[in-house]
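Dear colleague,

Please find below the structure that I am handing over to you. My notes on what was found in it follow directly after.

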Amino acid sequence: MTDKKTTQTFNQIPTDILDNKELSLLDKLIYGEVFTVTKQGNEFFMSNARLAERYNVTIRTVKRSMKNLKDLGLVTIKMYRNEQKMVTKRSVSVVTSVTPP
């Protein structure tokens, strides 16, 4: 049992995503995170580091998963930059008109 105080939430993963053979298990879990947050009308800002911690993988593995989701046209990623052109945050959104493979 953990000492962390948490809010109980559930990730929703659409069946077409679960059935997609081009996606790894991590791809599906991350998609579920993005889908659940954006379906509630919020933007998804969770960092790669936080996702890596949550799923006990490396940041590099999360980056690959995000790239795969983007390359397959399942999510869009918007980077926010400061005046020095450094990324300050990232917003990930689900592409709503997905054509099943």
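The chain holds 4 helices and 2 strands; these are DSSP runs, H or I of at least four residues for helices and E of at least two for strands, numbered from the N terminus. Along the sequence they follow the pattern α-α-α-α-β-β. Please note that this is a predicted model, in which local features need pLDDT of at least 70 and side-chain atom pairs count only at pLDDT 80 or more, while totals for chains, interfaces and linings use all residues. Residues are numbered from 1 along each chain as its sequence is written, and side-chain values use heavy atoms, with hydrogens and water left out.

Of the 101 residues of the chain, 28% count as buried (buried is under 20% relative accessible area, exposed is over 50%, and partly exposed is in between, with a 1.4 Å probe and protein chains only). Among contacts (heavy atoms within 4.5 Å) between residues at least 6 apart in sequence, 43% join residues at least 24 apart.

Helix α2 covers residues 25-39, and its 15 residues reach 21 Å from the first C-alpha to the last, close to the 21 Å expected at 1.5 Å a residue; the expected span is 1.5 Å times one less than the number of residues. The buried residues of α2 include Leu26, Ile30, Tyr31, Val34 and Phe35. What covers the buried residues of α2 includes the helices α1 (15-18), α3 (48-55) and α4 (59-71), as well as the strands β1 (75-81) and β2 (87-94). Just after α2, Gly41 takes a positive phi of about 90 degrees.

How do α3 and α4 pack, in angle and in distance between their axes? The angle is about 110 degrees, and the axes are 8 Å apart; axes are lines fitted to C-alpha atoms, for helices over the stretch in contact, and angles run from 0 to 180 degrees between N-to-C directions. α3 is therefore roughly perpendicular to α4 (65 to 115 degrees counts as roughly perpendicular, under 35 as roughly parallel, over 145 as roughly antiparallel and the rest as oblique). In this contact, Asn48, Ala49, Leu51 and Ala52 of α3 meet Ile59, Val62, Lys63 and Met66 of α4. The residues of the contact divide into 6 nonpolar, 1 polar and 1 charged; Ala, Val, Leu, Ile, Met, Phe, Trp, Tyr, Cys and Pro count as nonpolar, Asp, Glu, Lys and Arg as charged, and the others, Gly among them, as polar. Arg50 also lies in α3, and is partly exposed at a relative accessible area of 32%.

The strands β1 and β2 pair in the antiparallel sense over 7 bridges, where pairing requires at least two DSSP bridges between two strands. They form a hairpin with 5 residues between them, and Lys85 in the turn has a positive phi of about 70 degrees. Val87 in β2 is the bridge partner of Arg81.

Met79 lies in β1 and counts as partly exposed, at 41% relative accessibility. Not counting residues up to four places away in sequence, Met79 touches Val87, Lys89 and Arg90. Val94 lies in β2 and is buried, with a relative accessible area of 17%. With the neighbours up to four places away again left out, Val94 touches Tyr31, Val34, Phe35, Thr38, Leu74 and Val75.

Yours sincerely
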